[in-house]
Amino acid sequence: MQAKESGRAMYWGTGRRKSSIASVRLVPGTGKLIINGKDGELYLQYNHGYLSSAKAPLETLGLENEYDILVKATGGGLTGQADSIKLGVARALCQLDPDNRKPLKTEGYLTRDPRAKERKKYGLRKARKAPQYSKR
């Protein structure tokens, strides 16, 4: 969804991974990443794997210094949030220009990872871990 904020174009995308949800806004700027009001490097604890993962869709299209990424992330841990940001950025870039969809799809940035924690079953200690069995 494209919105105008004081004359600037904004592009929205929502990403999910495990129990993490990220609402992503792309705003024309200098390439800053702001997550929940904090600098992206500080929020992702200077882990460059998470940082590069979150910015990967922009780097694929060569737009890393063209747009600022403003994120509201909730739930899960840093890995899930970084991956949900990546999906949200990719979806926002598809709104920016429909021609961006093909390169992002071939890199796998538009695919939502469906894996989530399996629920615990009664009679078991975890989802599949059973109590120790003893014959006698």
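I take helices (H or I, at least four residues) and strands (E, at least two) as DSSP runs, numbered from the N terminus. The model is predicted, so I note that local features need pLDDT of at least 70 and side-chain atom pairs pLDDT 80 or more, while totals for chains, interfaces and linings use all residues. Residues are numbered from 1 along each chain as its sequence is written, and side-chain values use heavy atoms, with hydrogens and water left out.

**Backbone entry.** For accessibility I use relative accessible area, where buried is under 20%, exposed is over 50% and partly exposed lies in between (1.4 Å probe, protein chains only). Lys 18 counts as exposed because its relative accessibility is 55%. Tyr 46, also not a glycine, has a positive phi of about 55 degrees; I place Tyr 46 in the loop between α1 (40-43) and α2 (48-61), and at 51% relative accessibility it counts as exposed.

**Core entry.** I then turned to the nonpolar core, meaning a set of buried Ala, Val, Leu, Ile, Met, Phe, Trp, Tyr and Cys residues joined through side-chain atoms within 4.5 Å. The largest one has 27 residues, and Leu 33, Ile 35, Ile 69 and Val 71 have the most contacts inside it. At least two residues of this core come from each of β2, β3, β4 (33-35), α2, β6 (67-74) and α3 (78-96), and α3 gives the most, with six residues.

**Salt-bridge entry.** Side chains of opposite charge can pair when their charged atoms come close. I count a salt bridge where a side-chain nitrogen of Lys or Arg is within 4 Å of a carboxyl oxygen of Asp or Glu, and by this rule I find five. Arg 17 and Asp 83 meet in one of them, at 3.5 Å from N to O, and this pair links strand β2 with helix α3 across 66 residues. Arg 17 also forms a salt bridge with Asp 113, with the closest N and O atoms 3.3 Å apart; here Asp 113 lies in the segment after α4, 96 residues from Arg 17. Arg 17 counts as buried because its relative accessibility is 9%, whereas Asp 83 is partly exposed at 22%, and Asp 113 is partly exposed at 22%. I note that Arg 17, Asp 83, Asp 113 and Arg 115 are linked in a network of salt bridges.
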